[in-house]
Amino acid sequence: MSSKKQISVGGLKIGGGADISVQTMTNTNTEDIKSTIQQINQATELGCDLIRVSCPTPASTIALKEIIKNSQIPIIADIHFNYKRAIESIESGAACVRINPGNTPESGIKEIIKAAKDNNVAIRIGINSGSIENDILEKYKEPSVDAIVESAVLNCKKLEDLDFQNFKISVKSSDVQTSIEAYRKLSQLIDYPLHLGITESGTLFPGTIKSAIGIGSLLADGIGDTIRVSLSSDISDEIKVGKQILKSLNLLKDCINIVSCPTCSRTLIDVIEISRDLEEYCESINKSLKISVLGCVVNGIGEAAEADIGVFGFKKGIAKLYIKGKEFKTIEESEIFSILKELIDEF
Ligand code: SF4
């Protein structure tokens with residue numbers, strides 16, 4: 001149930017059955033061009049598909065030009081309150097502009113849409129509980145799910161009335177249930193691509209769980225076209241978590257899926273360390289592979305039979321190596337990681 005409408009953000013297709021894209025946001029000072037480009041390049045290497053850069057000042061929208069020139073992925077300018085920054089960002093070459101119509105005057109919206117049309121730039125409408133229109137808030141008494149959804153539909157209509165359809169929309173909340181319900185309702189009412197996220201979800205551990213539940217539930221229902229995990233952590237964590245959510249739902253192509261057991265008293269090899277090293281090694285390798293690392297034969301044989309590469313503890317410090325479901329050889333525990341690396345490179 002991905003949106004039927006498809007938009008293009010700097011050539012990247014969003015919605016209409018396109019692959020779900022992962023995005024994040026830089027946290028450097030945008031005017032510090034060098035650091036911002038460096039962060040964007042790091043994010044790109046980790047598999048980020050598009051990235052948002054905040055542009056709060058005229059100097060930042062000027063810097064954006066140079067940043068865009070040096071980025072391999074499309075850039076979304078986040079302008080929040082000042083519509084003039086949106087126009088400047090579009091002139092600097094942004095592929096998309098994130099606006100919050102509730103905080104933008106009507107005349108400003110008109111100007112932004114004109115500039116977006118003239119330059120073939122997409123828009124993300126970002127609705128959150130703090131930007132709901134006063135009359136809607138009065139009607140619902142609080143920023144409830146229905147209030148968020150009504151505001152979202154109203155703002156889609158505003159853009160449609162300006163004869164503009166090149167947009168996606170988000171209705172994020174920091175509350176997981178509210179977000180899930182809002183996106184579910186909205187997906188029944190509009191057909192524009194949805195940008196999913198649980199906003200301000202906290203630090204790495206709780207934020208990962210909240211995001212996995214919120215974004216994951218929606219994606220599992222077929223709702224959502226692009227995702228951003230918001231963490232109080234390094235932006236590389238946001239991309240890794242986003243990619244892992246997609247991977248867990250088999251929505252990520254060309255990735256390495258590592259199956260490893262939780263270990264128990266029967267464990268014959270150091271599954272935890274091997275799996276961690278492996279995960280780190282595979283982080284930015286784009287290959288479609290399933291690898292299993294299990295502590296003993298109990299589930300080891302079954303998982304190895306279904307994996308491209310499988311190892312499991314056979315005796316204390318000794319493992320069996322399977323390739324494409326077939327027993328290949330017996331190896332020492334100390335050589336497992338290096339053999340796995342070689343095989344991954346060869347595959
Ligand atoms: Fe324990 Fe073996 Fe299961 Fe791992 S595969 S959890 S070592 S029984």
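**Why these labels?**

Reader: Why does Cys296 count as buried?

Author: Its relative accessibility is 12%. Buried means under 20% relative accessible area, exposed means over 50%, and partly exposed lies in between, with a 1.4 Å probe and protein chains only. Cys296 is therefore buried. Note that this is a predicted model, where local features need pLDDT of at least 70, side-chain atom pairs need 80 or more, and totals for chains, interfaces and linings use all residues. Numbering runs from 1 along each chain as its sequence is written, and side-chain values use heavy atoms, without hydrogens or water.

Reader: What makes Cys296 part of the shell around the ligand?

Author: A residue is near a molecule or strand if one of its heavy atoms lies within 4 Å of it. Cys296 passes, and other residues around the ligand include Cys261, Cys264, Arg266 and Asn299. By class, the shell has six nonpolar, four polar and one charged residues. Here Ala, Val, Leu, Ile, Met, Phe, Trp, Tyr, Cys and Pro count as nonpolar, Asp, Glu, Lys and Arg as charged, and the others, Gly among them, as polar.

Reader: How many aromatic pairs does the whole structure hold?

Author: Three. Rings of Phe, Tyr and Trp (its six-membered ring) pair if their centres lie within 6.5 Å; planes under 30 degrees apart are stacked, over 60 edge-to-face, and the rest tilted. Tyr281 is in helix H10 and Phe337 in helix H12, 56 residues apart. Helices (H or I, at least four residues) and strands (E, at least two) are DSSP runs, numbered from the N terminus. Tyr281 is partly exposed at 28%, and Phe337 is partly exposed at 22%.

Reader: Why is the pair of Phe312 and Tyr322 called tilted?

Author: The centres are 5.4 Å apart and the planes make 55 degrees, which falls between the two angle limits, so tilted applies. Phe312 is in strand E13 and Tyr322 in strand E14, ten residues apart. Phe312 is buried at 2%. Tyr322 is buried at 11%.

Reader: What makes Lys341 sit over the ring of Tyr281?

Author: The rule asks for NZ of Lys or CZ of Arg within 6 Å of the ring centre and within 35 degrees of the ring normal. The charged end of Lys341 sits over that ring, 5.6 Å from its centre. Lys5 sits over the ring of Tyr192, at 4.5 Å.
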